[in-house]
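Subject: Structure handover

Hello,

My notes on what turned up follow below it.

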Amino acid sequence: MMVHLLIELRFNLSTAFHSTGNFRRWGVDKALARDAEGRQVIPATTVKGFLRERAEILLRAWGHAVCLGPEPANMCDGRTPCLVCQVFGNPRFPSPLHFADGVPLIEVSTTVRSGVAISRHRRAAYPQRLFFIETTEPMPTRWQAQCEGDFPDKNEAQKAAALIAMAARWGTAIGGGKTRGLGWIKDVRVKAVLNGAEIPEQDLVPIWQAWKEGKNVAEN
Ligand SMILES: [Zn+2]
């Protein structure tokens, strides 16, 4: 019987955040991503990409053979997906988890910053271009993001919960403004609920411990 896993993440962004959306705003080159109600959101793909990257780095540091995204050519095949692909999926193996956009828990005000785009082609004499970017106000904001999905058994679901919680807590910058030093994630709270019951932390600790020692709990 399939089991249902719901993971809720709550976190602070301690500085201004920018993630470019499709939304056009007059006078702004890059507007923040927003939902249908006009609320600023952290796109689901940003949340998922952030967690996946952290999971990849941590597991590789502990000696696990996990593939490095996002190039599909570097990813494992669908028959024997690695630990990261089992949870986050890849082009040949769909993720069991569906991620939702991150939404602010408080009203978030935004501001427009200006900057100068510097050409990557150093030798080319391209003129530097002034651009405008919409970001959240430079003050802490609290957000909620979640993902959920069905797993074939309790062990698989717990492993997914352990991987997401581990990646979430190992916080660093999130969003498109990463290289500009925007949007540091802090005070992450992770709540994983399996078939309606919260997974106690002591159930996740042995999984983290095994991973740290380079063991794959899937084989236990
Ligand atoms: Zn993989």
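The accessible surface of the protein chain is about 12300 Å². Carbon and sulfur atoms account for 52% of that area. Keep in mind that this is a predicted model. The chain has 220 residues, and 44% of them count as buried.

Next, the fold. There are four helices and eight strands in the protein chain. Read from the N terminus, their order is β-α-α-β-β-β-β-β-α-β-β-α. Take the contacts between residues at least 6 apart in sequence: 72% of these join residues at least 24 apart.

Now the metal site. Which atoms coordinate the zinc ion? They are the SG atoms of C67, C76, C82 and C85, at 2.2 to 2.3 Å. Along the chain, these donors follow the spacing C-x8-C-x5-C-x2-C. The angles that the four donor atoms subtend around the zinc ion run from 98 to 117°. Four donors count as tetrahedral if all angles lie between 85 and 135 degrees, so this arrangement is tetrahedral. As for burial, C82 has a relative accessible area of 9%, and C85 has 0%. The cut-off for buried is under 20%, so C82 is buried and C85 is buried.

G78 sits in the loop between α1 (44-61) and α2 (83-88). Its relative accessible area is 26%, so G78 is partly exposed. What does G78 touch, leaving aside its neighbours within four places in sequence? The answer is R92 and F93. G78 and R92 are 14 residues apart in sequence, yet their C-alpha atoms are 4.9 Å apart in space.

On to aromatics. A search of the whole structure gives one aromatic pair. The ring centres of F88 and F99 are 6.2 Å apart, with the planes at 15°. Planes under 30 degrees apart count as stacked, so the F88 and F99 pair is stacked. The pair links distant parts of the chain. F88 belongs to helix α2, while F99 belongs to strand β2 (residues 97-99), eleven residues apart. Both F88 and F99 are buried.

One backbone detail to finish. N195 lies in the loop between β7 (185-194) and β8 (197-198). Its phi is near 45°, a positive value in a residue other than glycine.

Best wishes

Note on methods
Residues numbered from 1 in each chain as written. Predicted model: local features only at pLDDT ≥ 70, side-chain atom pairs only at ≥ 80, totals over all residues. Heavy atoms only, no water. Helix = DSSP H or I, 4+ residues; strand = E, 2+ residues; numbered from the N terminus. Donors = N, O, S within 2.8 Å, 3.2 Å for Na, K, Ca; no water. Tetrahedral: all angles 85-135°; square planar, octahedral: opposite > 155°, others 65-115°. Buried < 20%, exposed > 50% of the residue type's maximum accessible area, 1.4 Å probe, protein only. Contact = heavy atoms within 4.5 Å. Phe/Tyr/Trp six-rings, centres within 6.5 Å; stacked < 30°, edge-to-face > 60°. Areas by Shrake-Rupley, 256 points an atom, 1.4 Å probe, with all protein chains shown as cover.
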